[in-house]
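These are my notebook entries on one protein model. I wrote down what I looked up, in the order I looked.

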Amino acid sequence: EAAKKSIYFQMYILGNDNAGLDFFGAFEKAARRGIRVIVILDVMSLDIWAGNVSRLREAGAEVLYSSFWFQRMHRKILVVDEIVAYAGGVNIAREFSVWRDLMIRVTGSVLGPILRSFFRIYQASGGANKELYKKRKINDGKRAGMSFVDHGLGKRRNILRRYYEERIGSAKQSLILVTPYFFPPRWFIALLHQAIIRKVKIDILLPETSAGDHPFA
């Protein structure tokens, strides 16, 4: 509602019922007042009512689907006016309102990698505004105290593994992992095992209730 120039939104699951929050209405109103609104949805959001998508497009919003042949884009990102971003694990639908999940508010230098990633997916999804493709090269030249790991298509499919190997392998005191799923592959178990041998304190936070995809995790 406070956006003045642009709203960039990428979501894994956007449901018809947003748990009392009218995201479709908010996007529609923003588009009608001249805000550039781009909504990129995963194939997991295909069951959205056609009327909701139509009303956004009629208002001037661009709605795309990032379907890449059995490869889901498991991202939840909102960027407003290219000055503040929200990223994390929260899907938007009533069923997820009882999940214990995390989103973080991001400003500053780390916005550059987030925007580059968004526009890379925008182009791959067939975005109509080719001027925005140039924003894939955004680089403010500053170092950030945090990082955005752009895991995804093609050569980027192993980026997250390399990131975990580097970070866990260099941990000296503590590791905290927060995840709704925990089915670690052998290489990840080995990393944690080596950290334990080094006397690193490890905390793994999982959902305790059955309000998740895998209650037996």
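Entry 1: I began with the largest cavity, which holds about 30 Å³ of space. On a 1 Å grid over the protein atoms alone, a cavity is a set of points where a 1.4 Å probe fits but cannot get out. A volume is the space filled by probe spheres set on the points, and grid points are joined across faces, edges and corners. I found one cavity of 30 Å³ or more in the structure. I noted its lining, meaning residues with an atom within 4 Å of a point: Gly89, Val90, Asn91, Phe96, Trp99 and Asp101 line the largest cavity. By class, three of the lining residues are nonpolar, two polar and one charged. Here Ala, Val, Leu, Ile, Met, Phe, Trp, Tyr, Cys and Pro count as nonpolar, Asp, Glu, Lys and Arg as charged, and the others, Gly among them, as polar.

**Entry 2: how to read the model.** This is a predicted model, in which local features need pLDDT of at least 70 and side-chain atom pairs count only at pLDDT 80 or more, while totals for chains, interfaces and linings use all residues. Residues are numbered from 1 along each chain as its sequence is written, and side-chain values use heavy atoms, with hydrogens and water left out. The pLDDT is the predictor's confidence in each residue, from 0 to 100. I read a mean pLDDT of 84 for the protein chain, with 84% of its residues at 70 or more. Where pLDDT is low, the predicted coordinates should not be read in detail.

**Entry 3: the chain.** I listed five helices and eight strands in the protein chain. Helices (H or I, at least four residues) and strands (E, at least two) are DSSP runs, numbered from the N terminus. Along the sequence the pattern is β-α-β-α-β-β-β-β-α-α-β-α-β. Of the 217 residues in the chain, 38% are buried; buried means under 20% relative accessible area, exposed over 50%, and partly exposed in between (1.4 Å probe, protein chains only). I also looked at contacts, meaning heavy atoms within 4.5 Å. Among contacts between residues at least 6 apart in sequence, 69% join residues at least 24 apart.

**Entry 4: Asn91.** I went back to one of the cavity lining residues, Asn91. Asn91 lies in the loop between E5 and E6. Is Asn91 buried or exposed? Asn91 counts as buried because its relative accessibility is 8%. Not counting residues up to four places away in sequence, Asn91 touches Met11, Tyr12, Ile13, Lys76 and Phe96.

**Entry 5: the cores.** A nonpolar core is a set of buried Ala, Val, Leu, Ile, Met, Phe, Trp, Tyr and Cys residues joined through side-chain atoms within 4.5 Å. How many residues are in the largest nonpolar core? I read 22, and those with the most contacts inside it are Ile7, Phe9, Leu14, Phe27, Val37, Val39 and Leu41. E1, helix H1 (23-32), strand E2 (36-41) and H2 each supply at least two residues of this core. H1 gives the most, with four residues. Another core, apart from this one, has 20 residues, among them Leu64, Val79, Phe118 and Tyr133.

**Entry 6: Ile7.** Ile7 sits in strand E1 (residues 6-11). Ile7 counts as buried because its relative accessibility is 6%. Leaving aside residues up to four places away in sequence, its contacts include Phe27, Ala30, Val37 and Leu78.

**Entry 7: the second largest pocket.** A pocket is an open set of points with protein on both sides within 12 Å along at least five of seven lines. The second largest pocket holds about 500 Å³ of space. Its lining has 20 residues, and Glu1, Phe23, Ala26, Phe27 and Leu78 lie nearest its centre. The lining divides into 17 nonpolar, no polar and three charged residues.

Entry 8: Glu82 is not a glycine, yet has a positive phi of about 60°. Lys199, also other than glycine, has a positive phi near 70°. Glu82 is partly exposed at 24% relative accessible area, and Lys199 is exposed at 73% relative accessibility.
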